[in-house]
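Subject: Structure for you to look at

Hello,

Here is the structure I promised to pass on.

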Amino acid sequence: MKLQWYVARTKPQGEFRVLDAMTKLGVKVFLPLTRTQQMDRSWKTRPLFPGYIFIRCNLAEHSGPQLSQIPQLLGLVYFGSEIAAITDSMMDRIVHQVDIVRKLQDPNATLNIGQKVRVIMGGAD
């Protein structure tokens with residue numbers, strides 16, 4: 001079996017613990033994050049897909065006992081009876097879209113004087 005991307009399910013708020021455990025096993029992990037504004041106007045970083053984490057591994061090497069020993073990991077996502085594998089091209093698109101979201105949420109992103117913008121929602125009263 002070759003290296004392949006998969007989606008793993010985690011217990012609620014267990015994404016970061018699974019990230020750490022998988023990294024220690026030598027598994028490549030992608031945990032997309034987003035920033036959300038709280039009621040007190042502060043910002044908090046949270047998983048973009050709560051309860052899920054992307055992993056890239058060879059299941060022949062990292063299956064069974066190794067994965068079942070990660071406390072916050074519930075298992076892999078299945079489509080019917082098949083483990084759902086994600087193609088490299090699909091992961092590239094996911095990573096690209098997450099990068100776009102990150103750039104839009106960057107608090108240091110600024111507009112330049114004279115730069116044209118388009119207001120798509122709200123009034124300019």
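Below is what turned up, starting with the ground rules and the overall fold.

This is a predicted model, with local features needing pLDDT of at least 70 and side-chain atom pairs counting only at pLDDT 80 or more, while totals for chains, interfaces and linings use all residues. Residues are numbered from 1 along each chain as its sequence is written, and side-chain values use heavy atoms, leaving out hydrogens and water.

**Overall fold**

The chain has three helices and nine strands, taken as DSSP runs numbered from the N terminus (H or I, at least four residues, for helices; E, at least two, for strands). Along the sequence the pattern reads β-α-β-β-β-β-α-β-β-β-β-α. Of the 125 residues, 30% are buried, where buried means under 20% relative accessible area, exposed over 50% and partly exposed in between, with a 1.4 Å probe and protein chains only. Among contacts (heavy atoms within 4.5 Å) with a separation of 6 or more, 71% are between residues 24 or more positions apart.

**The aromatic cluster**

Which residues make up the aromatic cluster? Phe 30, Phe 49 and Phe 54 form it, and a search of the whole structure finds two aromatic pairs. Rings of Phe, Tyr and Trp (its six-membered ring) pair if their centres lie within 6.5 Å; planes under 30 degrees apart count as stacked, over 60 as edge-to-face and the rest as tilted.

The pair of Phe 30 and Phe 54 is tilted, at 6.0 Å centre to centre and 40 degrees between the planes. Phe 30 lies in β2 (residues 28-30) and Phe 54 in β5 (residues 52-57), so this pair ties together parts 24 residues apart in sequence. Phe 49 and Phe 54 also have their ring centres 6.0 Å apart, but their planes are at 80 degrees, so that pair is edge-to-face. Phe 30 counts as buried at 14% relative accessibility, and so does Phe 54 at 7%, whereas Phe 49 is partly exposed at 36%.

Strands β3 (residues 33-37) and β4 run antiparallel and are joined by five bridges; two strands pair if DSSP finds at least two bridges between them. Thr 36 has Lys 44 in β4 as its bridge partner. Five residues sit between the strands of this hairpin, and Arg 41 takes a positive phi near 75 degrees.

**The largest pocket**

Lys 44 turns up again in the lining of the largest pocket, together with Pro 12, Gln 13, Glu 15, Phe 16, Thr 45, Arg 46, Pro 47, Pro 50 and Gly 51. Two elements give two or more residues to that lining, α1 (15-24) and β4 (43-47), and β4 gives the most, with four.

**Thr 10**

Thr 10 counts as buried, at 5% relative accessibility. Leaving aside residues up to four places away in sequence, Thr 10 touches Glu 15, Val 18, Gly 51, Tyr 52, Ile 53, Gln 72 and Leu 74. Glu 15 and Gly 51 are also among the residues lining the largest pocket.

Best wishes

Conventions:
1 Å grid on protein atoms, 1.4 Å probe; cavity = no way out; pocket = protein on both sides within 12 Å on 5 of 7 lines; lining within 4 Å.
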